[in-house]
Amino acid sequence: MGRVVGIDLGTTSSAIAVVRGGEVIVITTSEGKRLPSVVGFGRNGERLTGRAAIEQGATNPENTVYGVKRLLGRPAGDAEAGGTSTSFSSLRSGPRGDARVYIPVAGKLFSPPEIAAHILSRLRDEAEAYLGEAVREVVISVPAYFGEPQRQALKNAATIAGLTVRQIINEPTAVALSYGSGQSHTSTVMVVDLGGGSYDVSILDIREGQITVRATSGDTHLGGTEWDSLIAGWIAATFLRRYGIDLRRQPTAWQRVYEAAEDAKIALSTDEETVIDLPFLAASADGPRHLHLTLTRRQFEQMAASLLERLAAPVESVLADAGLAPSALDAVLLVGGATRMPMVRRQIEMLTGQTAEIPPQPDQAVVAGAALQAGALAGEVEEVRLRDVTPLTLGLETVGGMMSPLIPRNTPVPVSRSQVFSTAEDGATAVEICVLQGERPMAADNETLGILRLEGIPAAPRGIPQIEVTFTIDENGLLRVAARELLSGAGQTVFLAATTSLTAQEVRQMVQEAERCAAQDLVQRNLVEARTAARQVLYLVERNLQRANGEIPPPLAERVMRQVRALQQALAGPDATRIRHLTAEVQQASSAISSLILLEHTRPSEREQ
Ligand code: AMP
């Protein structure tokens with residue numbers, strides 16, 4: 001059986017892991033165990049991911065995409081898509097009203113799955129380099145609260161990246177898998193996951209060999225980014241008041257503000273106050289304007305009162321849906337970077353009346369769970385039976401614009417439910433079935449997943465045709481809808497044209513495009529990595545030369561200076577092999593200088609020994 005890996009595609013950072021010898025290994029990429037989920041489109045047509053994308057993003061914000069996960073499967077008009085404040089690229093509407101990102105340097109619109117595919121293929125490349133074998137199959141995690149179009153979009157992203165999704169696993173289920181692995185007693189846990197872009201609360205029963213999700217709820221519009229936006233908005237308002245300059249209109253300055261806001265938020269998780277320093281943030285007629293502000297935790301918590309209130313509803317909803325009092329929970333687990341904010345922890349503890357626990361290595365819990373499931377599918381570890389639930393009610397529109405539920409939320413999946421409907425007009429030979437997702441009684445207030453047209457119904461008075469509609473949700477939470485007329489037996493092939501999904505043809509084209517770009521992207525990434533390593537070595541050698549303070553033998557000094565100049569020249573060019581070769585030379589010279597410095601600083605008695 002081939003290797004199956006686990007991927008956690010996060011809003012802010014992503015990770016890939018594999019099971020080897022029964023143990024989960026989170027693969028250390030060239031940027032560490034988590035790769036920033038950022039994609040940059042460089043001026044020469046290159047596509048960069050991770051830190052390289054962030055670095056070029058400082059001067060190229062309009063061609064840099066942050067937080068693409070929040071755009072997956074979203075309509076362009078979705079308030080959330082519009083408010084993806086850390087994405088500086090412009091959001092537009094695609095052919096089916098889906099969110100697309102306009103990348104000026106490429107002069108075209110990209111779909112969110114196409115952009116997410118860059119992050120997935122980068123992770124796959126890193127895993128292949130580590131494992132020394134091809135990686136083609138994946139278990140990928142999604143927020144439990146992800147609806148149908150978002151799951152489909154993520155699946156499309158994987159396909160574009162050349163990966164086959166063996167299973168989509170909900171993030172809290174993945175956490176429970178890694179938390180519960182090796183645990184023999186039964187426990188009921190609440191997993192609270194506040195990541196960069198979404199908030200998920202689930203209650204799960206963990207028993208040896210089986211994990212059952214009892215209820216799940218959440219808010220895909222709430223994540224750490226909202227707290228960043230608060231601070232960024234406060235900075236912008238202060239700056240506007242002081243200098244009359246609107247930083248929101250200056251992409252480069254606004255990006256610096258956002259990064260500083262996130263740093264401040266993180267600092268306030270441990271410190272009572274933090275200083276935000278942004279020199280030369282903007283220019284005015286009176287010269288450069290700098291920013292220097294102090295933010296206290298108390299002020300920050302006051303600003304965030306309305307965000308904290310939004311944490312309550314999903315907690316209350318899962319407890320009610322699972323029919324449990326908070327005291328029946330054996331543990332409340334906090335995962336997701338944003339739960340490290342003391343105010344979030346306090347709020348969850350207040351809502352549950354329990355002391356919240358942070359599982360060991362919280363930022364690896366999701367990917368580790370995905371990898372364990374991947375390992376189970378590949379037959380490397382024992383399988384744990386996962387009983388997940390559907391997060392949102394699925395139904396269809398009936399007379400009077402009502403939503404008629406077919407599968408209520410929190411129904412265990414896989415599941416298949418049928419219901420028989422009829423026509424509303426005399427002599428109708430076709431009906432349109434509008435598939436909906438959401439909890440509101442009126443169809444218009446829920447999300448339309450697609451419209452299915454059933455034709456060939458024999459003409460009859462209204463109420464006579466018997467149209468059976470079947471919804472089937474597979475273990476990945478993906479929905480299939482079928483309809484057929486029972487009396488005439490008129491079978492019909494029907495398909496669901498999900499409003500926000502890519503068509504199969506579009507996905508195929510994107511796969512081809514990704515394959516075409518792959519070689520070029522690899523060359524570019526290799527060059528960026530070589531340049532980054534070279535700059536580090538140049539910095540080191542410069543520091544060593546300063547520390548040596550002219551005490552190095554002139555021939556060595558001359559050689560080093562020659563090598564440094566050659567490397568600096570090569571850095572401006574596109575030859576990664578030459579840069580690596582010269583970097584190795586300068587590295588050697590730098591080590592020679594360090595040993596000399598060491599010798600200088602060693603006392604004579606030590607030297608003799
Ligand atoms: P995740 O998607 O779980 O990686 O979470 C990412 C989010 O957590 C981002 O909004 C981060 O800024 C935020 N985050 C990470 N570490 C901290 C921290 N120590 N305090 C507050 N927020 C954090």
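A polar side-chain atom of Glu 262 lies 2.4 Å from an oxygen atom of the ligand, a polar contact in the sense used here, namely a pair of N or O atoms within 3.5 Å, where pairs within protein must also join an atom able to donate a hydrogen to one able to accept it, and residues adjacent in sequence count only if both atoms are side-chain atoms. The model is predicted, so that local features need pLDDT of at least 70 and side-chain atom pairs count only at pLDDT 80 or more, whereas totals for chains, interfaces and linings use all residues. Residues are numbered from 1 along each chain as its sequence is written, and side-chain values use heavy atoms, with hydrogens and water left out.

A polar side-chain atom of Ser 269 is found 2.6 Å from a nitrogen atom of the ligand, while at Gly 337 a polar backbone atom is 2.9 Å from an oxygen atom of the ligand. The ligand taken alone exposes 500 Å², of which the protein buries 84%, with accessible areas taken from the Shrake-Rupley method with a 1.4 Å probe and, for residues, only the protein chains shown counted as cover.

The shell around the ligand holds 15 residues, the closest being Thr 12, Glu 262, Lys 265, Ser 269 and Gly 337, where a residue is near a molecule or strand if one of its heavy atoms lies within 4 Å of it. The largest share of this shell, three residues, comes from α7; helices (H or I, at least four residues) and strands (E, at least two) are DSSP runs numbered from the N terminus. By class the shell has three nonpolar, nine polar and three charged residues, with Ala, Val, Leu, Ile, Met, Phe, Trp, Tyr, Cys and Pro counted as nonpolar, Asp, Glu, Lys and Arg as charged, and the others, Gly among them, as polar.

Rolling a probe the size of a water molecule over the atoms shows where empty space is left. On a 1 Å grid over the protein atoms alone, a cavity is a set of points where a 1.4 Å probe fits but cannot get out, a pocket is an open set with protein on both sides within 12 Å along at least five of seven lines, and lining residues have an atom within 4 Å of a point. The ligand sits in the largest pocket, which requires that more than half of its atoms lie within 2 Å of the grid points of that pocket. The elements that give two or more residues to the shell around the ligand are α6 (224-243) and α7 (251-267).

The largest pocket holds about 1200 Å³ of space, a volume being the space filled by probe spheres set on grid points that are joined across faces, edges and corners. Its lining comprises 45 residues, and closest to the centre are Thr 12, Ser 13, Gly 196, Glu 262 and Gly 337. The largest share of this lining, seven residues, again comes from α7, and by class the lining has 14 nonpolar, 17 polar and 14 charged residues.

The second largest pocket has about 500 Å³ of space. Among its 22 lining residues, Tyr 145, Leu 392, Gln 437, Gly 438 and Glu 439 are the closest to its centre, and strand β15 (residues 210-219) gives the largest share of the lining, four residues.

Two backbone details complete the picture. Val 413 and Pro 414 are joined by a cis peptide bond, with omega about 0 degrees, and Pro 414 lies in the loop between β23 (412-413) and β24 (415-421). Phe 280, in strand β16 (residues 273-284), has a positive phi of about 50 degrees although it is not a glycine.
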